[in-house]
Amino acid sequence: MDIRNKTVLVLGGWGLVGSAICRKMMEEQPKRLVVTSLLESEALEAVEQLRKEFPKTGKNTFVPWWGNIFLRHSLKDVPRADVLNDDSTRGMLIDDLLDEFDTKVLSRSALYQLLHRFKPDIVVDCINSATAIAYQDLFQAAREVRKAISKPDRTAKLLEATERLLAVQYTPQLIRHVQILYRSMQMVGTTIYVKIGTSGTGGMGLNIPYTHSEERPSSVLLSKSSVAGAHTMLLFLMGRTPDAPITKEVKPTAAIAWKKIGFGEIKKRGIPIELYDCDPERGVKLTGSLQLQMSTPVWKPLGRRLKSVFIDTGENGTFSRAEFEAIATPGQMEYVTPEEIAEAVMFEIEGGNTGHDIINALDNATLNPTYRAGFIFDNALKQLKALESKHGVKSVAFEILGPPRLSKLLFEAYLLQHAFKTMHVVVRKSPKEIARALEALIRTNADLRSEIISIGIPILMADGKTLVRGKEIKIPAYRGENELTITEATVKAWAHDGWVDLRIENLDRWKSRFGTIMEDAEKIPLEDTSSRHFRTKLYWNDFNEIDPGKLVGWIFGEEEQGKRMKA
């Protein structure tokens, strides 16, 4: 892709890798470079530095933006700890994570508003998402819930602890983030998205010697790798979505260094490390129990801060010389430079193949549909049809595979097959005639009716008010509430998702589908026997039958744009 005169968004542009990518990007003369970071000071600092390094660029070339892209826009500048500590904002966070993904959830998110404001052609995501999510420490939140359960006065504390646990669930956070990212980029027309991922362990295995607790490796560290892997798989799916941007991931498997070498105050999470001392004579006696927090300190502040020689590795932290030497020594994490990562990213964006794109690697390593399976597909169908004939049954849907919409569509197509035999007959009938015939079939054929409703697919009769149902209903799904309000909108949604719908408007849609299928097939010249066309008149048996499986395959692929992108 040509980067010249394009709008580029670098998420996490203040960080070590983000800064290197911004510099490399400027060599290709983009029209605008949007540089984001969590904090305002970081975003402004990053842009100021770029303006110094590239003084001949226009004043509007570099644009700073700051905030937490994992929160809604109104909370983007509120520290996450403060969001969790306040009852109302904690509730907002839970709603944003666990509510149905709809336009309200989408439009109020910070990431959506960022993308809609700048409409980037290219997005490079340098945020260490796995760390941001996993280091919220679900395990500690779970321990707090268990502690609150054991207390006699547990009501208020248990409620808050449970809400905190809900708010730090890894999978809902990751899923919601990718949902918002995909939909937003698709809406604004982003062409390519590149993620700088992580292995979670700097490329090391379960024998990694550095960890976060007594466990080796710690649950928190393994959570980081788990989130990173899950993130990659969601991006793998996004890369297989036809209307998504080209999706790539470069996943360094080494420590990343470095940003700066110097001498000065050592800071942890931006806060200088204060120096303390403890007279050995006042040392704690190891009897009974050890207090992690002491009300009467045995130490005294020295009024000074830790100063030393350091190597700044950006968002990965500030290391001492000895620490850096230990983890970068051969056989340990070793390291890769941010400039090397930036070069790989730029090469991938410009259409090259570095061999370091994880999504492409997964594409090439997965076992795809095979010629053999396709060859014997027809055999399987013949055996199934022979058994149908032998036992006098039609094998339509069991609602084991799911989703309910698949079963609903298959049974609607089967009802049309049962009542009218061919597509030709259906297109000649009026929707009212079709509705009367199908409703009569449901009323008189108890076995068929029973088969449909017994798998959890209710039948909405032609009046739109009568629902024939069994013991279980798959749609609407049970989500903690047994009674749901019936409105015109909810009935429309439920009927679409999982009810056999005998209303006139739905049967008119089926008639229209048949018309479209027949029209498209008729346009194919009879003399064109090339491999160009798939669904010919021959495929549809000259419209002299109604095959539910073929029809629903067509609906999912053509009408609902759910076609497989990569074979």
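Modeller: Let us start with the second largest pocket, which is lined by 30 residues, with F377, L381, D547, G549 and K550 nearest its centre. On a 1 Å grid over the protein atoms alone, a pocket is an open set of points with protein on both sides within 12 Å along at least five of seven lines, a cavity is a set where a 1.4 Å probe fits but cannot get out, and lining residues have an atom within 4 Å of a point. The model is predicted, so local features need pLDDT of at least 70 and side-chain atom pairs count only at pLDDT 80 or more, whereas totals for chains, interfaces and linings use all residues. Residues are numbered from 1 along each chain as its sequence is written, and side-chain values use heavy atoms, with hydrogens and water left out.

Biologist: What volume does the second largest pocket have?

Modeller: The second largest pocket has a volume of about 1,300 Å³. A volume here is the space filled by probe spheres set on the grid points, which are joined across faces, edges and corners.

Biologist: Which element gives the largest share of its lining?

Modeller: Helix α15 does, with 10 residues. At least two lining residues come from each of α15 (371-391), α16 (404-420) and α22 (548-559). Helices (H or I, at least four residues) and strands (E, at least two) are DSSP runs, numbered from the N terminus.

Biologist: And how do the lining residues divide by class?

Modeller: There are 15 nonpolar, six polar and nine charged residues in the lining of that pocket. Ala, Val, Leu, Ile, Met, Phe, Trp, Tyr, Cys and Pro count as nonpolar, Asp, Glu, Lys and Arg as charged, and the others, Gly among them, as polar.

Biologist: What about the second largest cavity?

Modeller: Its volume is about 60 Å³. Among the residues that line it are N128, K195, H231 and E249. Two or more lining residues come from each of α7 (129-134), β5 (192-196) and α11 (219-238). By class, that lining has four nonpolar, five polar and three charged residues.

Biologist: Let us change topic: is S19 buried or exposed?

Modeller: S19 is buried, because its relative accessible area is 13%; buried means under 20%, exposed over 50%, and partly exposed in between (1.4 Å probe, protein chains only). S19 lies in helix α1 (residues 16-26).

Biologist: Which backbone oxygen does its side chain reach?

Modeller: The side chain of S19 reaches the backbone oxygen of W14 at 3.1 Å.

Biologist: Where is P369 found?

Modeller: P369 is in the loop between α14 (358-365) and α15. P369 is exposed, with a relative accessible area of 55%.

Biologist: Finally, what is the strand order in the open sheet of three strands?

Modeller: The order is β17-β16-β18, with mixed pairing. The edge strands, β17 (467-468) and β18 (500-501), each pair on one side only. Strand β16 (residues 459-460) pairs with β18 in the parallel sense over two bridges; two strands pair if DSSP finds at least two bridges between them.

Technical notes: Polar contact = N/O pair within 3.5 Å; in protein donor to acceptor, adjacent residues only side chain to side chain.
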